[in-house]
Structure formats: structure tokens, C-alpha cells
Amino acid sequence: MSFLDVLAIIIPAALYTAAPLIYTALGGVFSERSGVVNIGLEGLMLFGAFTGVVTTLTIQDSMGAASPWIAILVAAVGAGIFSLLHAVASITLRADQTVSGVAINFLAAGLSLFLIKKMYGKGQTDFVDFRINKSDVPGLSDIPVIGDIFFSRIPYTSYLAILAAIVVWYIIYKTPFGLRLRSVGEHPMAADTMGINVTRMRYIGVVLSGVFAGIGGSIYALSISGNFTGGTISGQGFLALAAMIFGKWHPLGAMGAALFFGFAQSLSITGAQIPFLKDIPSVYLIIAPYVLTILALTGFVGRADAPKASGIPYVKGKR
Amino acid sequence: MMQNIWKNERLFNVLVPVISAVLGMLAGAIIMVLGNYDPVVGFEALFNGMFGSPKAIGETIRAASPLILSGLAVGFAFKTGLFNIGVEGQLLVGWLASVWVGYAFDLPGVLHVIVSILAAAIAGGFWGMIPGYLKAKFKVHEVIVTIMLNYVALYVTADLIKRYLYAGNEKSYRIKETASLSSSFLSEITEGSRLHWGIAVAIIAAIIMWFILEKTAMGYELKSVGYNQHASMYAGMNVSKNVVLSMTISGAFAGIAGAMEGLGTFQNMTVLSSFTGTGFDGIAVALLGANNAFGIILSSLLFGGLNTAAPQMNFDANVPSELIKIIISLIIFFVASGYIIRVIAERFSKEGK
């Protein structure tokens with residue numbers, strides 16, 4: 001097996017597994033940049049997966065192959081609304097943001113399975129008829145070498161994820177909105193003095209994190225798992241959180257980290273096909289993202305610092 | 001004047017959890033109505049499943065034992081101003097350590113149990129010490145590190161069982177009789193429940209937590225660091241040392257929670273592919289129990305009971321057992337947003353003067 005053959009296995013697999021992580025990590029960037037810690041990404045992703053699968057199952061008879069794409073949009077809206085709970089608790093009611101995030105994770109897990117049982121009378125949904133399939137990009141996949149590595153057997157959602165990361169980078173670093181969002185997360189009092197509505201910006205940040213996590217979760221369910229069970233989302237949200245931190249709260253960094261984690265995850269699955277990786281026990285590859293994140297935080301892999309006001313409720317007039 | 005405020009403060013600390021629990025149950029009832037289930041039958045089944053028979057009581061107490069310890073772990077760290085979200089992982093390494101010692105060592109009866117529990121405490125303590133050390137040394141937030149370590153623990157324990165302790169069928173070898181916490185006496189008086197001596201261990205641990213925090217200089221320092229790091233530092237306390245210490249003790253409690261499963265309920269360890277949930281439930285338990293040892297025991301009985309009664313509710317009233325998870329999550333929201341209850345109450349008391 002040549003090196004290029006190996007790449008042609010690894011890179012499409014990495015792009016495939018990384019897409020849900022990229023979206024969710026971008027959501028995390030929005031929330032944390034506005035100064036609200038979002039441990040609830042896991043639950044928001046789960047709620048997105050649930051909404052995505054249920055929507056697809058409901059409309060697939062009438063909408064056909066377009067239904068998973070519509071379902072992703074519905075999931076984005078659904079998870080965005082769901083994230084309002086976290087926003088109200090942690091911004092308006094000044095609840096501990098970590099605790100509120102934990103509650104979001106609990107609630108999403110309980111509520112989605114409760115509804116699934118209520119709607120379908122069993123603990124899991126059927127498989128959807130129309131998935132977001134891996135496909136070859138017309139034209140580009142015919143390019144020798146590159147086509148096989150970058151443009152074959154990859155769902156379109158993966159390219160869109162990379163595009164989304166670039167768009168989010170532009171929004172956060174190049175627009176007035178992004179500047180306001182960041183200022184609210186770094187020094188809310190200064191931002192308030194300059195006339196920025198801190199509460200409003202933080203609500204937007206949290207809801208955007210819900211929207212993106214909803215997209216990520218539904219893409220996971222509709223491209224990778226194909227149905228929804230209690231175990232569909234088990235840790236991907238936390239992995240995305242890790243990617244956001246490993247990427248130093250930067251959209252492109254988060255994307256890079258998510259790609260790398262997707263790569264590590266896909267290696268633990270595809271590794272058996274690849275000669276020199278066969279002998280490494282898969283557990284090392286599976287835990288690699290988590291260990292690397294810890295190392296990144298301790299400064300061994302470049303220092304990662306959170307936005308300064310992240311995790312602290314803003315109380316007007318309090319010094 | 002001072003007396004009055006202190007009294008109010010105490011009252012709030014009791015009132016907020018009680019109101020939250022009641023609101024949570026109420027929300028559960030509303031959800032049952034909205035879902036076209038009969039809330040009366042549902043709550044009757046829940047109550048019967050929790051306390052309706054000696055066996056139900058036995059199972060409630062059994063389920064509460066690891067919850068108490070996991071709640072103590074979260075609560076202990078909270079008192080030092082730390083959020084140990086990694087109880088789940090510490091529980092897993094403790095579980096594995098207790099099963100390993102229980103299986104591989106030959107020791108006489110009671111001693112074997114004690115050594116196995118200590119092994120769990122040491123393993124959990126070590127797993128808790130890592131984020132404590134990283135926080136003290138590198139100022140890394142413990143929440144992120146403990147989440148990451150949960151996953152490391154999940155996959156590493158599964159891998160270790162597969163490699164060294166595998167008895168087939170996704171399970172480890174069983175522990176020896178001498179290391180077991182199970183008791184035919186307790187099982188008989190509760191008419192066949194799986195109740196084991198773990199509850200005694202859990203209550204002893206609760207007393208230890210209360211003693212450390214309320215009666216020792218070490219506990220005073222830990223709480224002081226939790227209230228105000230800077231003031232503690234100026235008073236000559238070693239903040240870093242206290243952070244590491246708090247996380248280690250917290251992890252040790254969590255590790256013992258794992259021993260409850262390994263030496264008590266299951267007598268072995270399963271190759272897990274997802275978390276037990278006990279560690280995360282511990283967060284709810286500690287919050288509802290206001291991080292107080294006695295409160296944690298009470299809230300563990302409530303949550304342990306709700307969890308064991310869920311199948312009964314499903315059977316009698318056809319309500320999906322996930323309703324319990326919804327109720328627990330809403331209780332967390334209410335307790336966490338207790339600020340608003342506090343503000344309303346303070347408004348009232350000010351106007352009264």
C-alpha cells in the first residue's frame with residue numbers, strides 16, 4: 001500500500017467524521033467569545049440530532065432526497081430555541097454557567113428519548129430513507145492524486161463546514177458585530193460603557209451556539225448514524241468543546257482542531273487497514289484528543305487562554 | 001440585626017432546594033398531563049417504586065449509596081470553590097481498582113473489603129489530583145480537564161479490563177467473596193433487594209466530610225480558599241496546596257462511589273462504552289443537598305429512589321422512564337437559578353422593615 005493510498009483512506013474519513021465537530025465547535029466559539037461557558041454543547045448537539053432525524057422521518061415521503069437538508073435547517077432552529085434555556089438561566093437568572101450547561105445536557109437526553117418513546121413507542125427511531133451521502137465532487141474528483149484524496153467519498157456537509165469556519169472567522173474578526181461580541185466576552189463593563197448591550201450580545205452568542213450545535217448534531221445523525229437512539233450522541237459535544245479550546249477559541253483554530261480530532265477518531269476505525277498503524281492499540285488514538293487538549297491547556301502545546309470574562313455573569317454597576 | 005440575616009441565610013439555603021424539588025415534581029406532573037398520561041397513577045407508581053415495599057426501600061437505599069459518595073465528591077470540591085465535573089471518571093478508575101484488588105488479592109474477610117475500598121479511594125484520588133495539580137500549577141480550569149479525563153478514564157478502563165481482567169461477555173472477572181460488600185442479611189430484611197453494606201460506607205464518608213469541613217483546621221482552610229482565594233493567601237494559607245488537596249479528597253470520595261458498584265451491586269466491572277451517569281447525577285445531588293453532608297444523603301435518597309422507581313412508573317402508568325431525567329434536570333435549573341428566589345425574598349424582607 002503506497003503512501004498516497006493511505007492518504008486516500010485517511011483524509012476522506014477524517015473530513016467525514018470532523019464535520020459535525022467543526023460546526024459544534026464553531027457554536028462553542030460564539031458562546032464563549034460572548035462570555036458564556038457552554039458545557040451544554042453536548043446536549044444541544046443531541047437535541048439537534050433528535051430534531052434532524054424526527055424531521056427527516058416526518059417529511060421524507062413528501063420531500064424525498066431534499067428532506068435531510070431541510071431537517072438540518074429545522075434542527076438549527078430547534079436547537080437554537082432550546083439553547084435559550086441556557087441563555088435565560090445563565091445570563092438573566094445568573095445561574096452558574098457550568099451547572100446550567102450540565103442541566104441542558106441532562107434535559108436534552110431525557111426530553112429527546114421521552115419524546116421518541118411517546119411518538120414511536122420504542123426507544124429508538126427507524127433509519128431514515130434519505131441520508132446525506134458521501135459523494136464525489138463532479139469534475140474535481142477526476143483530478144489525478146488530489147481528486148482521490150480530497151474530492152471523493154466525502155459528503156458535501158464537510159466542505160460546507162470548512163466554509164462555515166471561514167465565514168465565522170470573518171464575522172468574529174472583521175465585522176462590527178464580531179468586535180462587539182468579543183468585547184462583551186473580554187470586558188463587559190467597558191463594552192457596556194461604550195453603549196453595547198451586554199445582555200443582548202450574550203443572548204445572541206448563546207443562541208448561535210445552539211444553532212451551530214444543532215447543525216452539527218443533525219449532520220452527525222443524518223450522515224453517520226442514520227437514526228436516533230439514546231447513544232447516538234455520546235461525547236461528540238464534549239469533543240467539540242475540546243476542539244474549541246485546543247483551537248484557542250479561534251474559529252479557524254477550532255476547525256483545525258476538529259479536523260485533527262476527526263482524523264484521530266477515524267484512525268481508530270480505519271487504522272486496521274493501514275499497515276504501520278495496525279500495531280498501535282486503538283485506545284491510544286481514541287484518547288489522543290482528550291490528552292492533547294489537556295496538554296494544550298497546560299501550555300505544552302502552545303498556551304490557550306479563555307476570553308477573560310468567560311463564565312462570569314455581568315451585573316450592571318458591579319465592580 | 002446580624003442574627004436576623006444569618007437566620008435568613010440559613011432559611012434560604014434550606015428553602016431553595018425544597019422549593020426547587022417541589023417545582024421539579026410539579027413540572028413532571030404537567031409533562032405527564034401534556035403527554036396524555038395519568039399523573040395520579042404515575043406518581044402513585046413512583047412512590048410505590050421508591051418506598052412501597054421493603055424491597056423497594058432496599059433498592060432505593062442501594063441506588064442512593066454510590067449517589068451519596070458521588071454527591072459528596074462534587075460537594076466537597078464545591079466548598080473549595082472547585083467544580084469537579086470529573087466524578088464520573090474518578091468513579092470509573094475507583095471501580096476498576098476495587099475490582100482488581102478484590103479479584104487479584106487473597107486477604108481475610110473484612111480486611112479485604114477495606115483494602116479494596118482504599119484502593120478505589122487512592123485511584124479516584126489520583127485521578128482527581130491531576131486536575132487539582134494542573135489548576136494549582138498552570139491555572140488550567142478544572143472543569144475542562146476533568147471532562148477530558150472522564151473520557152480518558154472511560155476508554156482506558158475498558159481497555160485495561162479487556163487486556164488484563166477479561167472474563168468474557170464484556171465483563172471483568174468477579175471479585176472474591178472476601179471482598180464483597182453484599183449481605184444476605186440486608187437482602188433478607190428487605191425481601192430480596194440487592195441492598196449491600198455500601199450504605200454504611202457512604203454514611204461514614206458523609207460523616208468524614210462533615211468532620212473535615214467543620215471540625216478541622218484543614219477544612220477551615222479549604223472553605224476559606226473557596227470563599228476568597230486572595231484573602232486566604234494574605235492570611236498565609238497555601239492556596240495551591242489546598243486546591244490539590246480538595247480535588248484529591250473529592251476524587252477519593254468518587255473512587256469509593258465506584259467501589260460501591262464493584263464490591264456491592266455488581267461484584268465485577270463491565271466494559272463500558274458510555275458513562276454510568278452516577279457521576280453527573282452527583283452534581284444534581286450536591287446542588288440539591290446544598291453541598292451539605294446531611295442534605296446530600298437526603299437528596300441521594302430522592303434521586304436514587306426516583307431512578308429505581310422509573311421502571312415501575314413506566315409499567316403502571318406507561319410513562320417513559322426518561323421523565324425522571326427531565327425532572328432531575330429541571331430541579332438543577334431551579335436550584336441553579338435560586339438567585340431569583342433569593343432576590344424576591346430579599347425584596348419582601350426589606351419592605352417588611
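Biologist: Is Phe47(A) buried or exposed in this model?

Modeller: Phe47(A) is buried, because its relative accessible area is 12%, and buried means under 20%. Keep in mind that this is a predicted model. Phe82(A) is buried as well, with a relative accessible area of 7%.

Biologist: How should I read a pair of aromatic rings, and what is the case for Phe47(A) and Phe82(A)?

Modeller: Two values describe such a pair: the distance of the ring centres and the angle of the planes. Over all chains there are 22 aromatic pairs. For Phe47(A) and Phe82(A), the centres are 4.2 Å apart and the planes are at 5°, so the pair is stacked. Phe47(A) belongs to helix α2 (residues 41-63) of chain A and Phe82(A) to helix α3 (residues 67-82) of chain A, so the pair ties together parts that are 35 residues apart in sequence.

Biologist: Which aromatic pair joins two chains?

Modeller: Take Tyr290(A) and Tyr151(B): this pair is stacked, with 4.9 Å centre to centre and 10° between the planes. Tyr290(A) sits in helix α13 (residues 282-298) of chain A, while Tyr151(B) sits in helix α6 (residues 142-164) of chain B, so the pair joins two chains. Tyr290(A) is buried, at a relative accessible area of 2%, and Tyr151(B) is buried too, at 4%. These two tyrosines are also part of a cluster linked by ring pairs, together with Phe238(A), Tyr155(B), Phe275(B) and Phe280(B).

Biologist: Phe280(B) is in that cluster. Where does Phe280(B) lie, and how buried is its helix?

Modeller: Phe280(B) is one of the buried residues of α12(B). In that helix (residues 278-288 of chain B), eleven of the eleven residues are buried, so it is largely enclosed by the rest of the structure. Among the others are Thr278(B), Asp281(B), Ile283(B) and Leu288(B). Just after α12(B), look at the backbone of Ala290(B), which takes a positive phi of about 55°.

Biologist: Let's turn to charges. How many salt bridges does the structure hold?

Modeller: The general idea is that side chains of opposite charge can pair when their charged atoms come close. Over all chains, the structure holds ten salt bridges. One of them pairs Glu322(B) with Lys117(A), at 3.0 Å from N to O. That pair crosses between chains: Glu322(B) is in the loop between α13 (293-317) and α14 (323-336) of chain B, and Lys117(A) is in helix α5 (residues 97-120) of chain A. Glu322(B) is buried, with a relative accessible area of 13%, whereas Lys117(A) is partly exposed at 25%.

Biologist: Over the face of which ring does Lys176(B) lie?

Modeller: Lys176(B) lies over the face of Tyr103(B), at 5.8 Å from the ring centre.

Biologist: Last topic, the surface. Which residues form a nonpolar patch there?

Modeller: The patch is formed by Phe3(A), Leu4(A), Leu140(A), Ile143(A), Val145(A), Ile146(A) and Phe150(A), with about 610 Å² of accessible area together. Helices α1 (3-33) and α6 (146-150) of chain A are the elements that give two or more residues to this patch. Leu4(A), in helix α1 of chain A, counts as partly exposed at 40% relative accessibility.

Terms used. Residues are numbered from 1 along each chain as its sequence is written. Chains are lettered from A and ligands numbered from 1 in the order in which they are written. This is a predicted model: local features need pLDDT of at least 70, side-chain atom pairs count only at pLDDT 80 or more; totals for chains, interfaces and linings use all residues. Side-chain values use heavy atoms; hydrogens and water are left out. A salt bridge is a side-chain nitrogen of Lys or Arg within 4 Å of a carboxyl oxygen of Asp or Glu. Helices (H or I, at least four residues) and strands (E, at least two) are DSSP runs, numbered from the N terminus. Buried means under 20% relative accessible area, exposed over 50%, partly exposed in between (1.4 Å probe, protein chains only). Rings of Phe, Tyr and Trp (its six-membered ring) pair if their centres lie within 6.5 Å; planes under 30 degrees apart count as stacked, over 60 as edge-to-face and the rest as tilted. A charge sits over a ring if NZ of Lys or CZ of Arg is within 6 Å of the ring centre and within 35 degrees of the ring normal. Patches are made of residues with over 30% relative accessible area and no salt bridge: like charges are joined within 9 Å, nonpolar side chains (Val, Leu, Ile, Met, Phe, Trp, Tyr) within 5 Å. Accessible areas come from the Shrake-Rupley method with a 1.4 Å probe; for residues, only the protein chains shown count as cover.
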